[in-house]
Amino acid sequence: LMQRAGAAAAAEIARRYGPLLAHGVQVHGGPGNNGGDAWVVARALARAGVRVGARLWGAEAPRTEDAAYEYRLAREAGALGAVTGGERVVVDGVLGTGARPPARDFAEQFAR
């Protein structure tokens, strides 16, 4: 399910924001399964030739088995480059259904 969701999200991002992807994409993932989805997106976009800058938030490593697996695959695929700030598309794989305040303060960090 995670791989299908991430691949579909990457395809939709490419469809909607294709020209902006020339500037790269930032992918922010949390330690849970929402982060796992983000790592699938990162890997799919990198495989399509998009420069991906990625950051894991809130932990030293993913906390679920599925998220850890997808993080490892993305890292091995070279899809977890440094965030440069020049990217025009940002993928949020941090805030999921369990997000609680102060999510707004956290989300504002993406704009910096």
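**Reading a predicted model**

Author: Gln-26 is found in strand β1, where strands (E, at least two residues) and helices (H or I, at least four) are DSSP runs numbered from the N terminus. This is a predicted model, in which local features need pLDDT of at least 70 and side-chain atom pairs count only at pLDDT 80 or more, while totals for chains, interfaces and linings use all residues. Residues are numbered from 1 along each chain as its sequence is written, and side-chain values use heavy atoms, with hydrogens and water left out.

Reader: Is Gln-26 buried or exposed?

Author: Buried means under 20% relative accessible area, exposed over 50%, and partly exposed in between (1.4 Å probe, protein chains only). Gln-26 has a relative accessible area of 5% and is therefore buried.

Reader: Which residues have the most contacts inside the largest nonpolar core?

Author: In soluble globular proteins, nonpolar side chains tend to be buried together. A nonpolar core is a set of buried Ala, Val, Leu, Ile, Met, Phe, Trp, Tyr and Cys residues joined through side-chain atoms within 4.5 Å. Here the largest one has 19 residues, and those with the most contacts inside it are Ile-13, Leu-21, Val-25, Val-27 and Leu-45. Helix α2 gives the most to this core, with six residues.

Reader: How is the aromatic pair described?

Author: A pair of aromatic rings is described by the distance of the centres and the angle of the planes. Rings of Phe, Tyr and Trp (its six-membered ring) pair if their centres lie within 6.5 Å; planes under 30 degrees apart count as stacked, over 60 as edge-to-face and the rest as tilted. The whole structure holds one aromatic pair: Trp-39 and Tyr-71 are edge-to-face, at 5.1 Å centre to centre with 70° between the planes. Trp-39 belongs to helix α2 and Tyr-71 to helix α3, 32 residues apart.
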